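Keep the sequence and the 3D view side by side as you read. We will go from helix packing to annotated sites and then to backbone details.

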Amino acid sequence: MNSRPRRPQGKAPYRRPKPDPVRKLAYDVLRAVDERDAYANLVLPALLRDAERDGAGFDRRDSALATELVYGTLRRQGTYDAVIAACVDRPLREVDPPVLDVLSLGAHQLLGTRIPPHAAVSATVELARAVVGDGRSRFVNAVLRKIAADDLDGWLDRVAPPYDEDPEDHLAVVHSHPRWVVSALWDALGGGREDIEELLAADNERPEVTLVARPGRCGTAELAEEVGADGAPGRWSPYAIRLADGGDPAALDAVRDGAAGVQDEGSQLVALALANAPLDGPDRRWLDGCAGPGGKAALLAALAAERGAGLLAAEKQPHRARLVARALAGNPGPYQVVTADGTRPAWPLGAFDRVLMDVPCTGLGALRRRPEARWRRRPEDVAGFGPLQRELLRTALRSVRVGGVVGYATCSPHPAETRAVVDDVLRAAPEAAELVDARPLLPGVPHLGDGPDIQLWPHLHGTDAMYLALLRRVG
């Protein structure tokens, strides 16, 4: 006899709820960022492609919402942490990370989007039931209902300390940056409250996708024609086309063929300034000493080819060297890609006319594109990059011929990664090099600073906060 109790007639078996696929995808990206130190800009596109390919009705609007949920949550993580902390009865470090990710997603829907509050709470609680279980979903429901009781401005009035009492902490909470980053950016920028608030706000805006038409392979007019109504000319670079929100670069033939690429306009300007620096003597051999992942190298190679010059692109990491080779494939002029450490040159010293060293750094200039980086970096990371940055600049000066030009570039405005590095190297060997005024090499670009180096800013130029110093070897 079967002794298993019979299910009451008419009662369906329990099935774990299926959350909204858009929110589940966004949650999966946040977990990858938290658990594996992944970067959202690498994980999200792959998951979106899989979702759109599986034929489950995941369309372009779903992709746009998932993108907003991921990046909005990451950019505003500091603000949302402060709000959530005010709504729970324990320190945030005692809230399980998966639960905190669900709460952050819900907080962003409630405070950072136009999703109706009841829909935001309901959908997030369903997600919680699926990914953290029924018990903790009740905790999520209770916290989100507290958050929904006020809007973002109301919460900021409650959780941010007054500006007059603690300006840096106020800005850190309101604009969702770690306090030390606020302090570092303020030091680099100078100015008063309005300037730093504009910069921090720009870091939290969704950046435009900018394309580069690589000379000799694709004209700007040709690229603009392929992009069509979704495109607009770049603000500063003659090779830039800005892609409207929602446009897919991978859908363009020019991008798939490598004749064009995705490249921030600030990155383009760095390459152009180096290429336009005046030289005495030959102009045949160029070096990109830290070439990965290949954007600047591809533009430099194309510019060099127009003059009959060749480019050597060096990258220490083999997987990044492969990306460089892919970016340069099809370049009309001579080029070579080598896997080599820029501090241990695999090339003859004094052999190059132009050298670019875009050095590893904290990436504080690209927080729009990699918002999670602001939460991973620590103040000690700045000092940690210093010795490598100085050695790479010294190598660049040894690699260029007398009379040749070196470009020292970094995607960070932090003074310890920019002018301090250049000043230290020049101070140690004042007879070796002199600074070149880079500002005239970017005609029409305003707000470049007092020179001779240049600093780009998201809020002033709409670019990443790229830094460039040009140095001419004199001995």
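Helices (H or I, at least four residues) and strands (E, at least two) are DSSP runs, numbered from the N terminus. This is a predicted model, in which local features need pLDDT of at least 70, side-chain atom pairs count only at pLDDT 80 or more, and totals for chains, interfaces and linings use all residues. Residues are numbered from 1 along each chain as its sequence is written, and side-chain values use heavy atoms, with hydrogens and water left out.

Start with V159, in helix α8. V159 is buried, because its relative accessibility is 19%. Buried means under 20% relative accessible area, exposed means over 50%, and partly exposed lies in between (1.4 Å probe, protein chains only). Contact means heavy atoms within 4.5 Å. Setting aside neighbours within four places in sequence, V159 contacts A82, V83, A86 and V173. Now find T79. V159 and T79 are 80 residues apart in sequence, yet their C-alpha atoms are 8.6 Å apart in space.

Widen the view to two helices. Helix α4 (residues 77–85) packs with helix α8 (residues 152–159) at an angle of about 75°, and their axes are 10 Å apart. Axes here are lines fitted to C-alpha atoms, for helices over the stretch in contact, and angles run from 0 to 180 degrees between N-to-C directions. The angle therefore makes α4 roughly perpendicular to α8. That label covers 65 to 115 degrees; under 35 counts as roughly parallel, over 145 as roughly antiparallel, and the rest as oblique. On α4, the contact uses T79, A82 and V83; on α8, it uses L152, W155, L156 and V159. Six of these residues are nonpolar, one is polar and none is charged. Ala, Val, Leu, Ile, Met, Phe, Trp, Tyr, Cys and Pro count as nonpolar, Asp, Glu, Lys and Arg as charged, and the others, Gly among them, as polar.

Next, the annotated sites. UniProt positions are given in the numbering used here, feature names are shortened, and annotations may be inferred rather than shown by experiment. An unreviewed UniProt entry marks C411 as "active site". C411 sits in the loop between β9 (400–410) and α19 (419–428). Its relative accessible area is 14%, so C411 is buried. Beyond four places in sequence, C411 touches several residues, including D358, G365 and D464.

Follow that last contact. D464 lies in the loop between α20 (458–461) and β12 (467–473). D464 is buried too, because its relative accessibility is 7%. Its side chain makes a polar contact with the side chain of R368, at 2.8 Å. A polar contact is a pair of N or O atoms within 3.5 Å; within protein, one must be able to donate a hydrogen and the other to accept it, and residues adjacent in sequence count only if both atoms are side-chain atoms.

The unreviewed UniProt entry also has a "binding site" annotation, whose residues include G292, P293, G295 and D358. P293 is in the loop between β5 (285–288) and α15 (295–306). At 47% relative accessibility, P293 is partly exposed. G295 belongs to helix α15.

Finally, look at the backbone. Most residues other than glycine have a negative phi, and most peptide bonds are trans. A cis peptide bond joins G292 and P293, with omega about 0°. Another cis bond joins G451 and P452. S176 has a positive phi, near 55°. So does H447, also near 55°. S176 is buried at 0% relative accessibility, whereas H447 is exposed at 52%.
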